[in-house]
Amino acid sequence: MLHKTSVKAGLSAAAVISALLIPAAGSASAAPAAPAVSGKTVTAAADSFDAKCRSHSRNYVLKKYYRQVPVGPPTFYTLRCGTSTWGWKHIKAGHGWDSTMDRKIGAAIGSGDANGRGGYSTYANQCPRVEKFRTILGTPAARNDLLTAYKVDQPAAAGAARC
């Protein structure tokens, strides 16, 4: 009886390890590498967002980004399908969309500094400050919506001379 129990335990452990190591058929890691478009790799999320925007209106919320405020619950900012001039469709067409863009938007909104342009930016840790990434908020759909986001590489307007 002890031998059968240890064999069953070993088989169960092997099944769990296999399930963890072998990606599921529907997972992004099981899919072949996506083609590059304008120098950016199209991700599974981009394909999914594209499909959602084809079947929903420009006001459809694709994702929410959060920023913790000093007191109270976090403030959220939405990424909507948008149009060629704002939202996800604009960002994808004009600036490219991939997991790095998504991560940079999250970092700028989550912990970046207000940029004076109605959004948040991240900066290089140097003097003078150099703005690296910018988000701009406010769309025809709502003021807490992401209008656009893009890479920047220029000295910050405020405080550049105070080094």
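Trainee: Is Phe-76 buried, exposed or partly exposed?
Mentor: Phe-76 is partly exposed, with a relative accessible area of 39%. Buried means under 20%, exposed over 50%, and partly exposed is in between, using a 1.4 Å probe and protein chains only. One caution: this is a predicted model, where local features need pLDDT of at least 70, side-chain atom pairs count only at pLDDT 80 or more, and totals for chains, interfaces and linings use all residues. Residues are numbered from 1 along each chain as its sequence is written, and side-chain values use heavy atoms, leaving out hydrogens and water.

Trainee: What lies over the face of Phe-76?
Mentor: Lys-64, at 4.4 Å from the ring centre. A charge sits over a ring if NZ of Lys or CZ of Arg is within 6 Å of the ring centre and within 35 degrees of the ring normal.

Trainee: New topic. How many aromatic pairs are there?
Mentor: The structure holds 5. Rings of Phe, Tyr and Trp (its six-membered ring) pair if their centres lie within 6.5 Å; planes under 30 degrees apart are stacked, over 60 edge-to-face, the rest tilted.

Trainee: Why is the pair of Phe-49 and Trp-88 edge-to-face?
Mentor: Because their planes are at 85 degrees, with the centres 5.8 Å apart.

Trainee: And are those two buried or exposed?
Mentor: Phe-49 is buried at 9% relative accessibility. Trp-88 is buried too, at 1%.

Trainee: Which residues do ring pairs link into a cluster?
Mentor: Phe-49, Trp-88 and Trp-97.
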